[in-house]
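Please consult the sequence and the structure shown below.

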Amino acid sequence: MNHIPQTSQFCCPSCGGHIGTAAPLDQVVENITQPSRRLIMAMLAEKPGKAVYRDRIIDRIYGGRADGGPETADHVVMAIVSQLRRQIEPFGWTITNSRGGAGNLAQWRLIPVEVTP
């Protein structure tokens, strides 16, 4: 039996305008079992379309460690986000990224794959 995921309409957190249609986020999240992917997805899903800074994600994943995490934490997080992006695209979602000036301002946004202009 094929299950066709239902879709929901999503709006921009800043202007309130329609940004696209995709599977409901609770359906997407329940399909993510790897802990760090699930944590990142939860952060991005708080407000679809809103930027989440890389440093905030690194702090959430590694902040509790005495050593602060590996020296390559930014590369590890980039790889996790890439894996997560591939995992959520079948549900109609993607993760965009931008560097915004200095490296510490790198950010990701969760948006529907088919964004409505």
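## A buried serine

With a relative accessibility of 17%, Ser36 counts as buried, a term for residues under 20% relative accessible area, while exposed means over 50% and partly exposed in between (1.4 Å probe, protein chains only). Ser36 lies in helix H2. Apart from neighbours within four places in sequence, Ser36 is in contact with Ile61 and Ile80, contact meaning heavy atoms within 4.5 Å.

## Basis of the model

The model is predicted: local features need pLDDT of at least 70 and side-chain atom pairs pLDDT 80 or more, whereas totals for chains, interfaces and linings use all residues. Residues are numbered from 1 along each chain as its sequence is written, and side-chain values use heavy atoms, without hydrogens and water.

In H4, the buried residues are Ala73, Val77, Ile80, Val81, Leu84 and Ile88. They lie on the same side of H4, because they cover an arc of only 100° around the axis, taken from the directions from the helix axis to the C-beta atoms. His75 and Arg86, on the other side of H4, are exposed.

The buried residues of H4 pack against several elements, among them helix H2 (35–45) and strand E4 (93–98).

## Packing of H3 and H4

The axes of H3 and H4 are 10 Å apart, and the helices pack at an angle of about 95°. H3 is therefore roughly perpendicular to H4, the class for angles of 65 to 115 degrees. H3 contributes Arg54, Ile57, Ile58, Ile61 and Tyr62 to the contact, and H4 contributes Ala73, Asp74, Val76 and Val77.

Conventions
Helix = DSSP H or I, 4+ residues; strand = E, 2+ residues; numbered from the N terminus. Axes fitted to C-alpha atoms, helices over the stretch in contact; angles between N-to-C directions. Parallel < 35°, antiparallel > 145°, perpendicular 65-115°, else oblique.
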